[in-house]
Amino acid sequence: MSPVAHIPSHRKPRRATSTRALRAGVTGGFLTLAVAGAAVPASATENNAAPAESTLEMPTVSATLASTAAQTADATQQAASDYELQAQKDQAAAHAKAAAKKAKAEAERKAKEAREAARKAAAKRAAETKAQAAKASRSAERTTLSTTTSVSNASGNAATLISFLKAQLGKAYVLGSSGPSSYDCSGLTQAAFKQVGVSLPRVSQDQSTTGTPVSLDSLQPGDLLYWGSAGSAYHVGVYVGGGKFIGAQNSSTGIVERPLDYDMPTGAVRVL
């Protein structure tokens with residue numbers, strides 16, 4: 001046998017080689033992938049046989065789809081903004097409503113307090129007015145009772161004497177005058193007692209020692225009052241009852257009727 005005789009090879013046959021090539025392209029809105037080089041036997045490869053090709057189409061994003069997606073995103077964002085704005089408005093409205101309710105309650109409370117204060121003030125004024133009216137009524141009753149008592153006690157010569165003195169009220173005081181249009185203090189008392197037949201000295205010093213001395217706590221209508229010491233009196237008047245006297249006071253006041261505490265006398269004498 002020839003040394004070059006063909007001897008079968010014991011090597012494993014080569015696996016079929018796979019040559020793949022990827023081609024891409026966009027056609028009609030689809031991404032086209034061309035895969036070349038499907039499985040080919042080795043012998044075919046060695047013999048430069050053309051590999052098989054397969055094409056896969058994948059969808060792509062078109063400009064219209066992208067625009068639609070962008071518009072959808074914008075609309076979603078705008079809706080979210082609108083919802084947030086509305087929530088803020090609702091929250092502000094709720095706060096305003098709560099503040100208004102609180103302010104109304106406070107105003108009602110203050111108004112109630114003001115009404116209560118006004119009611120109490122009115123009640124207090126009414127009570128004070130009533131008390132003053134009652135006091136004035138009691139005072140008027142005491143004055144009426146005192147006047148009535150004085151008039152009833154001043155009977156006879158005393159009543160005549162007092163009636164004359166009251167008729168002289170308002171006339172002028174003139175030093176040294178004894179009437180009938182003006183008097184000084186001793187001129188008035190001399191004229192008054194003359195109405196009941198009693199003759200008094202002309203001056204106050206002498207009049208203060210005429211009659212019987214009496215206590216100021218035991219005065220009767222018609223008693224002669226004096227200011228200063230007995231025998232040296234500088235002023236005289238006549239007690240008319242009810243805690244009052246009539247006298248020619250001075251040139252400013254003339255002949256007036258005054259309460260004893262207006263100018264408390266020093267002493268008194270009873271002439272009638």
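**Legends to the close-up views**

**View 1. Val 256 of strand 12 stands opposite Gly 247.** The model is predicted: local features require a pLDDT of at least 70, side-chain atom pairs count only at pLDDT 80 or more, and totals for chains, interfaces and linings use all residues. Numbering starts from 1 along each chain as its sequence is written, and side-chain values use heavy atoms, without hydrogens or water. Strand 11 (residues 244–250) and strand 12 pair in the antiparallel sense over six bridges; two strands pair if DSSP finds at least two bridges between them. Helices (H or I, at least four residues) and strands (E, at least two) are DSSP runs numbered from the N terminus.

View 2. In total, the protein chain has five helices and 13 strands.

**View 3. The largest nonpolar core holds 24 residues.** Such a core is a set of buried Ala, Val, Leu, Ile, Met, Phe, Trp, Tyr and Cys residues joined through side-chain atoms within 4.5 Å. Leu 161, Leu 165, Phe 193, Leu 224 and Val 271 touch the most other members. Helix 3, helix 4, strand 9, strand 10 and strand 11 are the elements that give two or more residues, and the largest share, five residues, comes from helix 4. Beyond residues up to four places away in sequence, Leu 161 touches Ala 192, Phe 193, Val 196, Gly 222, Val 238 and Leu 272, contact meaning heavy atoms within 4.5 Å. A second, separate core of eight residues includes Leu 219, Leu 225, Phe 245 and Ala 268.

**View 4. Ala 158 belongs to helix 3.** Ala 158 counts as buried because its relative accessibility is 8%; buried means under 20% relative accessible area, exposed over 50%, and partly exposed in between (1.4 Å probe, protein chains only). Apart from neighbours within four places in sequence, Ala 158 is in contact with Pro 221 and Leu 272. The C-alpha atom of Ala 158 is separated by 5.1 Å from that of Gly 222, 64 residues apart along the chain.

**View 5. Asp 184 occupies the loop between strand 7 (182–183) and helix 4.** With a relative accessible area of 7%, Asp 184 is buried. The side chain of Asp 184 reaches the backbone nitrogen of Gly 176 at 2.8 Å and makes a polar contact with the side chain of Arg 202 at 3.3 Å. A polar contact is a pair of N or O atoms within 3.5 Å; within protein, one must be able to donate a hydrogen and the other to accept it, and residues adjacent in sequence count only if both atoms are side-chain atoms.
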